[in-house]
Amino acid sequence: MGDYDDTITVQVPPQQLFAYLSDVRNLPHYLPRLTEATPQGGDKVDVTAHIDPEGQPAHDVHSEAWMRVVKDEQTLEWGAPGPGDYHGRLEIAPGEHRGESTLTVYLHTDHVEGDQIRQGLAETLRGIRDTVENTPDRPTDHA
């Protein structure tokens with residue numbers, strides 16, 4: 001089993017960051033392999049990812065996942081069924097300076113490819129930071 005975490009500072013206010021991240025339809029904007037995320041009611045989410053597994057041709061994978069938004073704590077919890085007991089949590093807190101946030105991700109998985117997972121966490125956090133900082137007025141309402 002593996003438990004991993006990483007933190008990054010994001011130059012947007014916590015409420016803005018939380019509003020963006022709590023809309024599951026924004027997932028493909030900052031998760032590199034995810035191509036689609038569609039809410040299905042409650043905490044269920046249908047996702048599509050484009051993967052390139054070693055020794056196999058690249059292909060799309062469709063799956064059901066879950067995401068819970070805990071507004072009072074400004075956290076998001078997520079997971080996916082199947083092998084690997086994959087689940088995690090994002091926590092958003094005010095940063096040291098006005099108008100910035102501290103974003104921490106915690107991940108649990110039965111897979112123990114430590115360096116690969118740590119690199120993936122760092123890549124995801126950079127993707128969130130870059131997306132939100134470079135498009136701070138990006139709407140979260142896709143209606």
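## Thr75 in strand S5

Thr75 lies in strand S5, residues 75-80. Helices (H or I, at least four residues) and strands (E, at least two) are DSSP runs, numbered from the N terminus. The model is predicted: local features need pLDDT of at least 70, side-chain atom pairs count only at pLDDT 80 or more, and totals for chains, interfaces and linings use all residues. Residues are numbered from 1 along each chain as its sequence is written, and side-chain values use heavy atoms, with hydrogens and water left out.

Is Thr75 buried or exposed? Its relative accessibility is 4%, so Thr75 counts as buried. Buried means under 20% relative accessible area, with a 1.4 Å probe and protein chains only. Neighbours within four places in sequence aside, Thr75 contacts Phe18, Arg68, Val69, Val70, Arg89, Leu90 and Glu91. Contact means heavy atoms within 4.5 Å.

## The buried side of H1

Phe18 is also one of the buried residues of H1, along with Pro14, Leu17, Tyr20 and Leu21. These residues span an arc of only 165° around the axis, so they sit on the same side of H1. The arc is that of the directions from the helix axis to the C-beta atoms.

## H1 against H3

Helix H1 (residues 14-21) packs on helix H3 (residues 114-134) at about 110°, with the axes 11 Å apart. Axes are lines fitted to C-alpha atoms, for helices over the stretch in contact, and angles run from 0 to 180 degrees between N-to-C directions. H1 and H3 are therefore roughly perpendicular, a term for angles of 65 to 115 degrees.

Which residues meet? Leu17, Tyr20 and Leu21 in H1 meet Ile128, Thr131 and Val132 in H3.

Conventions. Angles under 35 degrees count as roughly parallel, over 145 as roughly antiparallel, 65 to 115 as roughly perpendicular and the rest as oblique. Buried means under 20% relative accessible area, exposed over 50%, partly exposed in between (1.4 Å probe, protein chains only).
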